[in-house]
Amino acid sequence: MPPLEEELFPSTPGKIKSDRLHFNSMNRTFHRCFASTSTMFLWALFLIALTASYISFQSFVTSGSRYLHHTSHNSIGDLRWEKQIRSSAQIRRQSGLTVLVTGAAGFVGSHVSVALKKRGDGVVGIDNFNDYYDPSLKKSRRSMLESQHIFIVKGDINDQRLLAKLFEIVPFTHVMHLAAQAGVRYAMENPMSYVHSNIAGLVTLLEQCKSSDPQPAIVWASSSSVYGLNEKVPFSESDQTDQPASLYAATKKAGEEITHTYNHIYGLSITGLRFFTVYGPWGRPDMAYFSFTKNILQGKPITVYRGKDRVDLARDFTYIDDIVKGCVASLDTAGKSTGSGGKKRGPAPYRIYNLGNTSPVTVPALVSILEKNLKLKAKKNVVEMPGNGDVPFTHANISLAQRELGYKPTTDLSTGLKKFVKWYLTYYGYNHGKGNSVNL
């Protein structure tokens, strides 16, 4: 097995030595400049991002990780491919937007894409169709999007050449950045996939956006996980977020710091959205409500975690339609970027909002609602929550989003789960495959 340095800098010996000296020099400068623990932590992640961006196609694609096999160098197509992109980007309403949606075949991405297209905006998607969960679900979402005349490019957001080509074909007014490696617990198994997607991919996208002329406004998915070990409830945007409980949370917090930097230096209009446990039709199979439904239908036991002192875990479950409304409102109110070709002409908007439901529900209550809708009893194994990065509760303060976005969630958990179960039974039936790990 080659040394770590050879994996990071796969090149000639002279090049390796030069890169190692440059890297060490950067590291020494970094340690001199940033003394506080929390700041060092965030900027260490930023340093990782720069390194990861540099090596993304020399090392990550060949690293053996099952989620990084989808390089998109061969995705740049012919004239027919370009025609499909232009057609998908065509605006069909007055003052419409032209939006690049990353992660468009994902849960939130597919719903947002459809909502934008239905109201007449131009939409082009990009997704790498990785196999973190069953890729057939993403392919089904793609078919659903194609029925709405939405074209999805198969490619990785780390592919700078592909991004440049897309922006050359279409002068996007907005970017809805939803591509990310999701899941709290999987970070313990495959941490580099989070660095690749959530940090390096974000930097690659921002580099393209800041160099574009005109620059697009950017809305992107942060996460409620950034609140980490915060015990003040409900969680507000002004709360401290420097105690992440998982690597996933740390990468999202790093993303907030990175986006702030690009806003400050390059005049990019950026809005970060902290989603609170999104659920609903076409959702992610690794989420608790999804996995519980499958196992209950198949007569298999479900694992219900409890916190310390036998306290039930609780989540601010937010229905997908409410999240979509918040995403669309964020695009509509984003404000313009103030740079062109990487040169800032003035300050640009930088915003962060919670998008939640404001009504936390315990996991046992969630199970009870599913049992009622499925007309079946769950076989429950109640165990103490392992130390894997999960937090005992989440609770959103959405007053800022209400005031500035007009955001108002309208779907309670009982109503939302009823709609999810109806979709699940239509899409899967009673017996579908093997389960995945569960994320709350």
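In the predicted model, four residues of helix α6, namely L137, K138, R141 and L145, are buried. When α6 is viewed down its axis, the buried residues fall within an arc of 100°, so they line one face of the helix. Helix α6 itself comprises 13 residues, 135-147, and spans 19 Å from its first C-alpha to its last, close to the 18 Å expected at 1.5 Å a residue. Just after this helix, H149 adopts a positive phi of about 65°.

Strands β2 and β3 also belong to an open sheet of seven strands, ordered β3-β2-β1-β4-β5-β6-β13, in which the pairing is parallel. At its edges stand β3 and β13, each of which pairs on one side only. From one strand to the next, the twist averages 20°. Between β6 and β13, the parallel pairing extends over six bridges, and L273 has Y353 of β13 as its bridge partner. Two helices that pack on these strands may be described in turn. Helix α5 touches β1 (98-102), β2, β4 (174-177) and β6, and its direction makes about 165° with that of β1. Helix α11 lies across β4, β5, β6 and β13 and runs at about 170° to β6.

The nonpolar interior was examined next. In soluble globular proteins, nonpolar side chains tend to be buried together. The largest nonpolar core of the model contains 80 residues, of which V108, M176, F275, Y289 and F292 touch the most other members. Helix α11 (residues 320-332) supplies the largest share of this core, with seven residues. When residues up to four places away in sequence are not counted, the contacts of Y289 are F107, V278, Y279, G280, G283, R284, L366, L370, L417 and F420.

A cis peptide bond, with omega about 5°, joins D213 and P214; P214 is placed in the loop between α8 (191-211) and β5 (217-221). A further cis peptide bond leads from V233 to P234, with omega near -5°. The loop that holds P234 runs between β5 and α9 (247-266).

Positive phi values also occur at two threonines. T277, although not a glycine, has a positive phi of about 35°, and its position is in the loop between β6 (270-275) and β7 (278-279). With a relative accessible area of 9%, T277 lies under the 20% limit and is therefore buried. For T358, likewise a residue other than glycine, phi is positive and near 70°. T358 is located in the loop between β13 (350-355) and β14 (361-362). The relative accessible area of T358 is 32%, which means that this residue is partly exposed.

Key
Residues numbered from 1 in each chain as written. Heavy atoms only, no water. Expected span 1.5 Å × (residues − 1). Buried < 20%, exposed > 50% of the residue type's maximum accessible area, 1.4 Å probe, protein only. Arc of directions from axis to C-beta. Core = buried A, V, L, I, M, F, W, Y, C linked by side-chain atoms within 4.5 Å. Contact = heavy atoms within 4.5 Å. Pairing = 2+ DSSP bridges. Axes fitted to C-alpha atoms, helices over the stretch in contact; angles between N-to-C directions.
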